[in-house]
Amino acid sequence: MPTVCDALDAAINEATAAAARVRKITSLQVRVVDDVAMLKATAQTWFNTHRPVVTSGAPSVDLKAIDQPFTAVLDATAKHAVKNTYLVALKDAKAALITARAAALVAPASVPVAITDDLAPDFSPLAGNQQMRDILTRRWHECANCVKADAHLAAIVMMGGLLEALFVARANKMTDKSQLTSAKNVPKDKTTGKTTEIDKWMLDSYIKVGHELNWITESAKDAADTLKEYRNFIHPAKELRYGVTLGLNDSSMFWQVTKALARQLLLSA
């Protein structure tokens, strides 16, 4: 995808080349079919190829001063215009393109359209603390940004972290933790057999207990288990052992899973 400067540079070069070719024409008027076709293509390339790139990437840059001379070139191709008509128009077009290039360098970048589904939800039902809500919101945005940036493993690791934070927030929301600590799926200390302290629970335990307490559905539990396993590909040895390379299809799918799980946890609070 060409940048705004790429598009403007290409248009400048094409206007310069077209003017050079017109200067070599020995007749007063431009009548040769190939010459006319070249001039027409130069103008059309601006309108059909380069201009959309500039309007998309630098919408605040005024392009009227470029459009007018290229329109004059197009009009001239329909009536065997004299050489000077083309030379004046191409000179004006080149000057306007150079001005636009300078303006584009300092123009604010276009604001990408937000994907509504990626907007962070209101975490208030899970986190009463504003600082924690801000952290969860930043983590949410970072997950979405990693997917868009082709950082697929990083995205899935971030999703696992976000999911665990949401489970912890859901557990902290309970004023009476007895229901939580008496669940049959609570993690146990292998040595003593006692229930592991809540602040030492891992994501796996939260998924099991969260499902047992109806925070999430059966299918959501299965999806969360899978996400948890893929998060562990952060370890190079596991990636080597399984030969798995995570791509856009993986991170996009797990992002949808994470958003669905977040919605279930929010609704359960």
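Biologist: In what kind of interaction do the side chains of Asp204 and Lys208 meet?

Modeller: They meet in a salt bridge, with 3.2 Å from N to O. A salt bridge here is a side-chain nitrogen of Lys or Arg within 4 Å of a carboxyl oxygen of Asp or Glu. Side chains of opposite charge can pair when their charged atoms come close.

First, some ground rules. The model is predicted, so local features need pLDDT of at least 70 and side-chain atom pairs count only at pLDDT 80 or more, while totals for chains, interfaces and linings use all residues. Residues are numbered from 1 along each chain as its sequence is written, and side-chain values use heavy atoms, with hydrogens and water left out.

Asp204 and Lys208 both belong to helix H8, residues 203-212. Helices are DSSP runs of H or I with at least four residues, strands are runs of E with at least two, and both are numbered from the N terminus. The two residues are 4 apart in H8, which means about one helical turn lies between them. An α-helix has 3.6 residues a turn, so residues three or four places apart point the same way. Asp204 is partly exposed, at a relative accessible area of 24%, and Lys208 is partly exposed too, at 34%. In these terms, buried means under 20% relative accessible area, exposed means over 50%, and partly exposed is in between, using a 1.4 Å probe and protein chains only.

The pair also belongs to a network of salt bridges, which links Asp204, Lys208, Lys221, Asp222, Asp225, Lys228, Glu229 and Lys238. Lys228 counts as buried at 12% relative accessibility, whereas Glu229 is partly exposed at 36%.

The whole structure has 13 salt bridges. One of them joins Arg51 and Asp67 at 2.8 Å, N to O. Arg51 is in helix H2 and Asp67 in helix H3, so this bridge ties together parts 16 residues apart in sequence. Arg51 is partly exposed at 26%, while Asp67 is buried at 14%.

Rings of Phe, Tyr and Trp (its six-membered ring) pair if their centres lie within 6.5 Å; planes under 30 degrees apart count as stacked, over 60 as edge-to-face and the rest as tilted. The structure holds 9 such aromatic pairs. Among them is the stacked pair of Trp46 and Phe70, with 5.9 Å from centre to centre and 20° between the planes. Trp46 lies in H2 and Phe70 in H3, so the pair ties together parts 24 residues apart in sequence. Trp46 is buried at 0%, and Phe70 is buried at 1%. Elsewhere, ring pairs link Phe167, Trp201, Tyr206 and Trp215 into a cluster.

H5 has 19 residues and reaches 27 Å from its first C-alpha to its last, close to the 27 Å expected; the expected span is 1.5 Å times one less than the number of residues. Its buried residues are Arg133, Leu136, Trp140, Cys143, Ala144, Cys146 and Val147. Seen down the axis of H5, they fall within an arc of 165°, so they line one face of the helix. That arc is taken from the directions from the helix axis to the C-beta atoms. Gln131, Arg138 and Lys148 are exposed on the face turned away from the buried side.

Helix H6 (152-172) and helix H11 (248-268) are among the parts covering the buried residues of H5. Ser251, in H11, is buried at 0%. Leaving aside neighbours within four places in sequence, Ser251 is in contact (heavy atoms within 4.5 Å) with Val147, His152, Ala155, Ile156 and Met159.
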